[in-house]
Amino acid sequence: MIWLGLAASLAFVPGILGATIPTGWAVLSCFLPLALWRKGSVSLLHLALFLTWAYAAVSLSWTTGQGIWGLWLLTMFCLAFWLGSTISLRPLLIGLCIGAWISGIVSIAQVMGYDFVLRHNPVVASGLHYNPIAQGMFAALLIVGLACHRMFGWMIFPLPALLLSQSRDGYAACALGIAAIFIRKPLILLILCLAGAVYITSTINLSDSERIGIWRSALPYLTWFGHGTGSFLDFYVVIDGRLRHPEYAHNDFLQLAFELGTGAIPALACLALCLSRTRAREWPLLVAFTFLAAVAFPSYLPITALLGAVAAGRIAADWD
């Protein structure tokens, strides 16, 4: 699986191989379907996730947005979930480490003024990820995953990418995931999350206010059946008197509920049951991913979605 992690993390070179649409999805689209040929045991968690996928497929009949794209992203997540339940994560993490190291080198070059790779923010380094938030989330999840498997020597590889991203989401997810390795008590971790949220929101910046504005605008549009998979991509909001097209809800659970309504319940139940396995090795990684899913959009970026899905799949493999 080293090759998969390496290919997925190096497939996207902003400005050369795509710009705002990560071409890592193309890599996953080529290789993840091969996971169906791998042997594994099907648990109730696999069936629950499949129910949400089936509902999303049916929702194509009434979706108001880019339904095929939304269904395909969900398909990739489900395939990565199955892959995670059939493999060891260590080789995948090694491949991702090499990609994160190269992205970190690009970030260092960007800090030194060499802008040969396109980036969203001209002030903050983003390496091979265009958006520094995306790089911060990837590096944070990777560091937590390495810590889960006691691969401490490899943690130096994604560290520059995390530090130079200046992503508060990434920093918080990394800290929470590392804490979850030692504190296997969900209630205590929830208290830590709330304390961190109070601290962060004590000084709300422009990005925070826009994120909250998206949430407030999307909540009134929640329906029982949802607007159909991919419909949030055509959702526009008015923030501070300006019409915005956010693309993501910056809360994957809210976006899933917006698109699928009650059809999202099986997938959310699957996640909740995976999170209940606090002694699982990959549990801290899934905790960090869940935190990011509540404040950002890791399920809609190829590498972070891959990490979150395989972690959940690894836990689901031992469910029975």
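Predicted model: local features only at pLDDT ≥ 70, side-chain atom pairs only at ≥ 80, totals over all residues.

User: Which residues form a nonpolar patch on the surface with L34, and what is the accessible area together?
Analyst: L34 belongs to a nonpolar surface patch, and the other members are W3, F31, L36 and W37. The accessible area of these residues together is about 620 Å².

User: In soluble globular proteins, where do nonpolar side chains tend to be? And which residues touch the most other members of the largest nonpolar core here?
Analyst: Nonpolar side chains in soluble globular proteins tend to be buried together. In this model the largest nonpolar core has 81 residues. Those that touch the most other members are L28, L32, L142 and C274.

User: What does C274 touch, not counting residues up to four places away in sequence?
Analyst: Residues up to four places away in sequence are left out of this list. With that exclusion, C274 touches L45, W283, L286, A312, I315 and A316.

User: Where is R277, and which residues is R277 in contact with beyond its neighbours within four places in sequence?
Analyst: R277 is in the loop between α12 (265–275) and α13 (283–295). At 28% relative accessibility, R277 counts as partly exposed. Leaving aside neighbours within four places in sequence, its contacts are W283, I315, D318 and W319.

User: What distance separates the C-alpha atoms of R277 and W215?
Analyst: Along the chain, R277 and W215 are 62 residues apart. The separation of their C-alpha atoms is 30 Å.

User: How many salt bridges are there, and what is the N to O distance for D115 and R119?
Analyst: The count comes to 3 salt bridges. In one of them, the side chains of D115 and R119 meet. R119 is buried, because its relative accessible area of 13% falls under 20%. The N to O distance for D115 and R119 is 2.7 Å.

User: Which helices does the salt bridge of R211 and D169 link?
Analyst: The closest N and O atoms of R211 and D169 are 3.3 Å apart. R211 is buried at a relative accessible area of 9%, and D169 is buried at 12%. The two residues are 42 residues apart in the chain. R211 lies in helix α10 (residues 206–218) and D169 in helix α8 (residues 168–182), so the helices linked are α10 and α8.

User: Why does the salt bridge between E210 and R244 tie together separate parts of the chain, and how far apart in sequence are those parts?
Analyst: The closest N and O atoms of E210 and R244 are 2.7 Å apart. E210 is partly exposed at 24% relative accessibility, whereas R244 is buried at 18%. E210 lies in helix α10 and R244 in strand β2 (residues 242–244), so the pair ties together parts whose separation in sequence is 34 residues.

User: What is the phi of Q166, and what is the phi of E247?
Analyst: Both residues have a positive phi, and neither is a glycine. Q166 is in the loop between α7 (159–165) and α8 and is exposed, with a relative accessible area of 53%. E247 is in the loop between β2 and α11 (252–260) and is partly exposed at 37%. Phi of Q166 is near 55°, and that of E247 is about 70°.

User: How many helices and strands does the protein have, and what is its radius of gyration?
Analyst: The protein has 14 helices and 2 strands. The globule rule gives 20 Å for 320 residues, and the value for this protein is close to that, so the protein is as compact as a globular protein of that length. Its radius of gyration is 18 Å.

User: What percentage of the residues count as buried, and what share of the exposed area do carbon and sulfur atoms supply?
Analyst: Of the 320 residues, 55% count as buried. The protein exposes about 14,400 Å². The share supplied by carbon and sulfur atoms is 70%.

Technical notes. Residues numbered from 1 in each chain as written. Heavy atoms only, no water. Core = buried A, V, L, I, M, F, W, Y, C linked by side-chain atoms within 4.5 Å. Buried < 20%, exposed > 50% of the residue type's maximum accessible area, 1.4 Å probe, protein only. Contact = heavy atoms within 4.5 Å. Salt bridge = Lys/Arg side-chain N within 4 Å of Asp/Glu carboxyl O. Patch = residues over 30% accessible without salt bridge, like charges linked within 9 Å, V, L, I, M, F, W, Y side chains within 5 Å. Areas by Shrake-Rupley, 256 points an atom, 1.4 Å probe, with all protein chains shown as cover. Rg over C-alpha atoms; globule rule 2.2 N^0.38 Å.
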